[in-house]
Amino acid sequence: MTYTPATQDQLLAIRVNAGIDDLANSEKFAAAEPDMVEAIVAGIGEFAAGEWAPLNRIGDIEGAKLENGVVRLPDGFAEAYAHYVEQGWNAISGPVGFGGQGLPFTLSCNVLENLGTANMAFNLLPMLSVGAIESLDHHGSAELQEKYLPKLVSGEWSGTMNLTEPQAGSDVGALRTTARPISEGEHAGKYLIKGQKIYITWGEHDLAENIIHLVLARLPDAPEGTRGISLFVVPKYHVKEDGSLGSHNDLRCVSIEHKLGINASPTCVMSYGDNDECIGELVGAENRGLMAMFTMMNNARINVGNQGVQIGERATQQAFAYAQERVQSARAGSPDRSSVAIIDHPDVRRMLLRMKALTEGARALLYYTAGQVDRGTLGDASARMRGEVLTPLIKAWGTDIGIEVASLGVQVHGGMGFIEETGAAQHWRDSRIAPIYEGTNGIQAADLVTRKLALDDGAALATLAADIARDAQDEPTLAALAADCDTVAKWMRADASVDDRLAGSVPFCTMLAVAVAGWQLLRQLRAIQDGAAPELAATKAASVRFFLDRIVPEARGLTAAATAGAESLYTLTAEQLAG
């Protein structure tokens with residue numbers, strides 16, 4: 001199935017929800033003028049559809065393969081990645097001092113949206129590199145930045161993050177990888193890294209000249225738990241003083257995982273220091289590695305939420321195409337008993353409109369979040385704080401939406417959706433990882449009701465709900481949902497135990513995400529009514545009304561679950577519950 005970039009809806013979200021014109025008024029983002037924005041959105045859409053989308057199916061079927069210690073991709077991937085680098089797409093928001101264009105994060109989100117809709121598994125390669133750039137730019141020394149950022153920004157080298165270990169999943173503080181200081185010799189001042197990491201996305205491959213691993217490890221005598229973790233940059237190939245590549249570092253890919261989906265993305269088990277010669281360099285301060293890594297993680301969490309939009313868009317396009325082609329049965333109640341395309345049947349219409357409304361809602365939330373991040377970069381403290389509140393919403397709800405929409409896409413296809421040849425099943429299989437990595441959606445919801453609920457003594461969340469309610473006075477159901485969110489937040493802060501808050505965290509996260517997405521869709525609709533994007537006027541009105549009239553009321557129904565507390569979850573012992 002072909003992929004058509006959602007260029008007009010993306011531009012609408014970038015203008016209305018991210019507020020790109022306002023960002024361009026700043027000195028830092030002055031280059032993000034309307035012509036530039038349109039050229040980037042149209043250009044990356046065309047590139048993604050032309051070069052990355054055709055590789056989506058072959059990547060799923062053939063996947064990545066480990067051969068003699070090297071991970072190889074199917075034919076066409078190397079050429080497509082080389083063209084991506086040559087055209088400068090990796091450098092969109094990279095720091096200007098290291099070859100980047102310094103454009104807003106919003107536009108790098110758009111690059112990733114188009115590439116990921118075309119080929120989600122392939123897109124994980126540049127997505128991880130963007131995060132590595134962010135971490136080194138914020139926490140790396142000038143020497144490290146000069147050494148690694150130019151080639152990372154260009155995309156000639158790729159980046160990874162290495163957190164998870166076999167015995168330590170989400171409990172990062174339980175990691176055992178070690179870093180021993182080197183006091184003499186050519187690597188004096190660096191560290192010997194030793195340990196094993198699992199689930200390392202694009203940890204080994206043959207598309208980039210070098211792979212720059214960001215690895216969490218413990219120094220000798222470091223404190224226990226997360227307080228004793230440091231971050232190290234560990235290159236696949238050593239980098240000489242003149243910038244050329246030296247010998248292979250003491251690291252290797254032990255194996256790649258056989259997964260449910262994203263088969264073209266090599267998920268590697270990485271071993272460091274088998275011969276006690278793996279060299280790493282410290283990023284930031286000793287025992288402050290988690291903070292440096294979370295700069296990368298927070299960026300990645302927004303971009304994983306973006307994956308929900310990506311897979312939703314691809315599944316929706318395929319479902320609409322199939323529903324127009326598949327002829328079956330007469331429309332109920334019609335005097336004409338001729339069979340019609342299934343798009344004319346009420347329940348298929350319901351599914352298709354739901355897919356469209358949810359995908360557009362997640363996109364609106366994505367670009368609103370990105371716009372707040374960009375404002376935070378410009379020094380707006382309240383926007384930075386709001387971006388922090390929004391991050392778990394787009395990561396958790398955005399990826400939940402990806403699964404729901406991909407599942408509906410299979411349903412629209414009927415029995416053919418369960419047949420691999422149609423490709424509908426691939427979208428669902430690919431979507432299922434997104435709620436798991438970069439912090440499971442349960443962890444995102446927990447972050448919302450603990451750390452984010454307490455931001456600015458509760459004001460960060462309260463002002464968000466108040467802004468929605470005030471702007472939605474002519475949409476009473478949306479205003480009521482915002483009020484419900486405020487009520488739940490106040491109950492959690494005043495009356496709920498930690499267990500109570502965590503027990504209600506997922507429904508509350510969904511409620512707040514739907515409220516923000518509905519608000520941002522309402523802003524889009526008002527902009528269209530004022531003359532913006534006339535080509536979207538009819539379709540946007542239909543999808544926004546579906547969201548406000550059907551999805552928002554559903555979210556209001558989650559209030560009881562959000563405030564039910566934890567007591568009923570523990571009426572049985574663990575043994576009784578397990579049967």
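Contact here means heavy atoms within 4.5 Å, and with that cut-off Trp397, its neighbours within four places in sequence left aside, is in contact with Leu358, Gly361, Ala362, Leu365, Pro392, Thr510, Ala513, Val514, Ala517 and Phe547. The model is predicted, with local features needing pLDDT of at least 70 and side-chain atom pairs counting only at pLDDT 80 or more, while totals for chains, interfaces and linings use all residues. Residues are numbered from 1 along each chain as its sequence is written, and side-chain values use heavy atoms, with hydrogens and water left out. The chain has 20 helices and 12 strands, these being DSSP runs numbered from the N terminus, with helices (H or I) of at least four residues and strands (E) of at least two. The radius of gyration is 24 Å, close to the 25 Å that the globule rule gives for 579 residues, so the chain is as compact as a globular protein of that length; the radius is taken over C-alpha atoms, and the rule is 2.2 Å times the number of residues to the power 0.38.

**Overall dimensions, surface and charge**

- The C-alpha trace of the chain spans about 85 × 60 × 55 Å along its principal axes.
- Of the 579 residues, 57% count as buried, where buried means under 20% relative accessible area, exposed means over 50% and partly exposed lies in between, with a 1.4 Å probe and protein chains only.
- Among the contacts in the chain with a separation of 6 or more, 74% are accounted for by residues 24 or more positions apart.
- The accessible surface comes to about 23000 Å², of which carbon and sulfur atoms hold 51%; such areas come from the Shrake-Rupley method with a 1.4 Å probe, and for residues only the protein chains shown count as cover.
- The mean positions of the 47 positive and 72 negative charges are 4 Å apart, with Lys and Arg counted as positive, Asp and Glu as negative, and His and the chain ends not counted; each charge is placed at NZ of Lys, CZ of Arg, CG of Asp or CD of Glu.

**Nonpolar cores**

- In soluble globular proteins, nonpolar side chains tend to be buried together.
- A nonpolar core is a set of buried Ala, Val, Leu, Ile, Met, Phe, Trp, Tyr and Cys residues joined through side-chain atoms within 4.5 Å, and of the 171 residues in the largest such core, Phe122, Trp397, Phe508 and Phe547 touch the most other members.
- Helix 9 (residues 289-325) gives the most to this core, with 14 residues.
- A second, separate core of six residues includes Val16, Ala527, Ala533 and Leu536.

**Loop residues with positive phi**

- Ala533, listed in the second core, is found in the loop between helix 17 (505-529) and helix 18 (537-556), and its phi is near 45°, a positive value in a residue other than glycine.
- With 17% relative accessibility, Ala533 counts as buried.
- Ile262 has its place in the loop between strand 10 (251-256) and strand 11 (267-272); its phi is near 35°, again positive in a residue other than glycine, and at 5% relative accessibility Ile262 counts as buried.

- Not counting residues up to four places away in sequence, Ala555 touches Leu481, Met511 and Val514, while Arg556 touches Thr477, Ala480, Leu481 and Asp484.
- The C-alpha atoms of Ala555 and Phe508, 47 residues apart along the chain, are separated by 8.9 Å, and those of Arg556 and Glu281, 275 residues apart along the chain, by 50 Å.

**Other individual positions**

- Asn162 is found in strand 3 (residues 157-162) and counts as buried at 0% relative accessibility; leaving aside neighbours within four places in sequence, Asn162 is in contact with Lys197, Ile200, His213, Leu214, Val215, Leu216, Met270, Tyr272 and Met293.
- Gly376, in helix 10 (residues 346-377), is buried with a relative accessible area of 19% and touches Ala383 and Arg384, residues up to four places away in sequence not being counted.
- Glu79 lies in helix 5 (residues 77-86) and counts as partly exposed at 45% relative accessibility; Glu79 and Glu241, 162 residues apart in sequence, are 29 Å apart in space, C-alpha to C-alpha.
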